[in-house]
Amino acid sequence: MIAEYLSLIIGAILVNNFVLSRILGICPFLGVSKKLSTALGMGGAVIFVMTLAGFVTALVHHYVLLPHGLMYLRTIVFILLIAGLVQIVEVLLQRFSPPLYSALGIFLPLITTNCAVLGAAIICADNHYSVIKSTVFCSASAVGFALALLLFASVREKLELARVPRCLEGPAIALLTAGILAMAFTGFSGLGG
Amino acid sequence: MTKKHLHFYGGVHPQESKTASGAAIVSAPLLATYVVPLQQHIGVPAKPVVAKGDKVLRGQLIGEPGGFISAAIHAPTSGTVKEIATCLGPAGNQLPAVILESDGDDLAAEPMPALDWPNASPDELKKRIAEAGIVGMGGAAFPSVVKLSPPPNKTIDTLILNGVECEPCLTADHRLMLEKPEQVITGARITARVLGVKRVIIAIEENKPDAVALLQEKAAGTEVEVRSLRVRYPQGAEKQLIYALTGRKVPSGGLPMDVGCVVQNVGTASAICEAVCEGKPLYERVTTVTGSPLVAPGNWRFRVGTPYAEAIKLAGGVKVDPVKIISGGPMMGMAVYSLDIPIMKNCSGILLLAADEVRQYESSPCIRCGRCNDTCPMGMMPGILSVQIEKERFELAEQWHVLDCIECGCCAYGCPAGRPLVQLMRRAKGEVMAARKAKAAKKA
Amino acid sequence: MTAVIILTLIGVLLGLAIALTVRYFGAPVDPLAEQVAELMPGANCGACGFAGCNDYVQALVSGKAKPGLCPSQSADALQKVCVLLGVASEGRAEKVAVVCCSGTDQYAIRRAFYNGVNDCHSAMLVAGGSKGCVYGCLGLGSCARACPFGAIEMRADHIAVVHPEICVGCGKCVTVCPRRIIKLVPKSAPVHVFCSSPEKAPVKRKVCSAACIGCRKCVKAAGENQMFINGFLASVNYENPPSADIVAVCPPKVLRTEAQPAASAASAAPAAPEAPAATTAP
């Protein structure tokens, strides 16, 4: 039982890292990785939203879609759920925890349309994970996302001081770096599960 | 003398080129005009106390200190004040100046009464040092009386006299130690009395064995100790010198007084001795005029306000056209573009370089060889800092301790990519200080 | 059919949930701030004195700042902001930056060879840079790099030229320039004095042949209320600027409508810098 969850977590964080192995959520990965501090905020927001989304979508999947045989609706339903959820969370945060709200700032609405969140929910549905397992998987995936984001932001902070050939400045060198980082992560394949 | 070779971290050993070390100090002849800047020191300019047309005598006060960190200025000879105008300083800035036309008689003003220093009170001595307008003559020109008045919460136990003269080419301090050893030692003892310290060390690099031997002989029987140090640039920087002699490390952003030390140049000690024992204010100093383009490099006792052009004339003029003229030594000196600049209290040398000695290079990107890290005596990382500064990331540079930089130039000296590291550091230091000031102003 | 029902149900439930949360827990959102923010240029240049456009909007809405601090906002947008905030529009003359120097390589002498960091601030550290005139443009481009709108061109003959059609007058270059020779002037003013040296004419002429010599010809031609002499430097009274045809009276041609023409054009220009006295005829 524990071994199963452990391999699930390690698999989600390192082996099948969302960004570097599944190539999901590239937009925020490139967009908010210029500074370590913003990457940290985004990472935190993603962990928060993805865990919540994993839990809710798994609930809906198991208790609404499966019994009625409506699997073909899951994409649209999940998007609806995630978007609605983020909206509610945002309003609540603004009310009850303004510091956290201002820290997460623009990132919360950004995540609404993040394919990483939807992707995690769909992977759970595809693999018929239970509700608990889905939640664990989603939060572990989010940690993996945050890890990749932090690593990349640290690299980019150094990259900013480097002399990059003119034609490779900006997104080009960022994508190249991301590719090299992804290659490094393939070294984890075979670990855990 | 300890046999152990004392040293500090990092540094370089450039070619010494001390060609003028055998040339005895000669007093420079009287000139028709002297341009005496009213700011020959760090701090506030002095306020002129003479007006156009006034007759002055040699050694007469012409500028009184303009603030706490300031110094008095005295007339270098007798004559008439032609004008109170501005003149060009070695840093390329305009300085307020008194232009003095010599009358050729060189009449001395009534000297201040000589003090019996072993019995005079420290306050009396300090007052005299201030009145004589004495500043640090090693280069920084920090008013000595401020340096000798540490805040009461700092205890000073060691006085270090800096006779290291680690800058290549310069020989003024060396000659001074050889020709006026008593003055240097007495000056040291007076300073020690002012500070109330028992331990006095005169530090000399071992490439001047004659000076070491002579001072050791003269200092025998006094509290003054003469130590010989391994030749290494920048041994004469106070933080490095303190570490080499006492093993104490001045903390980042700290001053020598934080570790109980005061460092004083030998030239300053000699000037203090003259001021106290003879009542003579500081209006002349020993300066090396050297460089391969000169016919006869040497050491002269110049009055302040002597234009560089006159100094070069004294050294026999030039054989070949120099391409670079430097005020100070080759490592830390400043390139100047005019020979109208007057010699000031802190001018230890004038260096001329011929075309084959100066390299013009395009700087290229850092190749990360790390040589600058190995040579930086402050343990900084100039290579990384330079990249940060090029990208104008001054806040990052501040975190990487750019303010610790002493601008010794070791990093740029060894840089195979020819990067202008020191200039970048200076830029960042200026920006960081300005940002701090702005922040403080915002708070207030 | 189930699909439609379930999807509708989820949608309605979520909508209700959001509506209820907002109704009961929602913090008051200021629609005014959003509207004002839309009227900002969004360059976050900081010329208003706040840390970016949003910060300024917050200050505007809370009444801590006055509209019109943003120099790059169009007059139209400013008007709308004033209407939104319910304050009287004070109006604001549009400004552009002008580099007040004519010392291209052709005219200004160099007193030394500068082999250092390619940046004006760094050059200032080395005996004040290599140009003979200590008030002239160093030509190393600190202003061009600081301009958020790319309105400053660094010409090959070592002078910065502001393109008024791109410049929005944010004033960043004014603060960046270590020589302090970039001025913000009304966009409508037709002529400017392209010299900043307050020195006496012989001193200036020694280092630059395109310097204002303080001959007062422009003052005589335009009148004291349009042009005035400050020290030895003519200045335009931007409250009441002279018309463009006054440029003809200026012997060294520093009173111009636009920046110093590049070398090739200048050689064809009537003002030969070697003999300015010969071309004093209006």
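**Helix packing and a sheet in the predicted model**

In helix H3 (residues 53-61) of chain C, the buried residues are C:Cys53, C:Tyr56, C:Val57 and C:Leu60, a residue being buried if 20 or more other C-beta atoms, placed from the backbone, lie within 10 Å of its own. Because these residues cover an arc of only 105° around the axis, they lie on the same side of H3(C), the arc being that of the directions from the helix axis to the C-beta atoms. They pack against helix H2 (31-38) and helix H4 (75-85) of chain C, where contact requires C-beta atoms, placed from the backbone, within 7 Å. Helices (H or I, at least four residues) and strands (E, at least two) are DSSP runs, numbered from the N terminus.

This is a predicted model, in which local features need pLDDT of at least 70 and side-chain atom pairs count only at pLDDT 80 or more, whereas totals for chains, interfaces and linings use all residues. Residues are numbered from 1 along each chain as its sequence is written, and chains are lettered from A and ligands numbered from 1 in the order in which they are written.

In chain B, four strands form an open sheet with antiparallel pairing, in the order S2-S8-S7-S4, where two strands pair if DSSP finds at least two bridges between them. Strand S2 (33-37) and strand S4 (55-56) of chain B are the edge strands, each pairing on one side only. S4(B) pairs with strand S7 (residues 79-88) of chain B in the antiparallel sense over two bridges, and B:Thr80 in S7(B) is the bridge partner of B:Lys55.

Technical notes. A residue is buried if 20 or more other C-beta atoms lie within 10 Å of its own, exposed if 12 or fewer, and partly exposed in between; C-beta atoms are placed from the backbone. Two residues are in contact if their C-beta atoms, placed from the backbone, lie within 7 Å.
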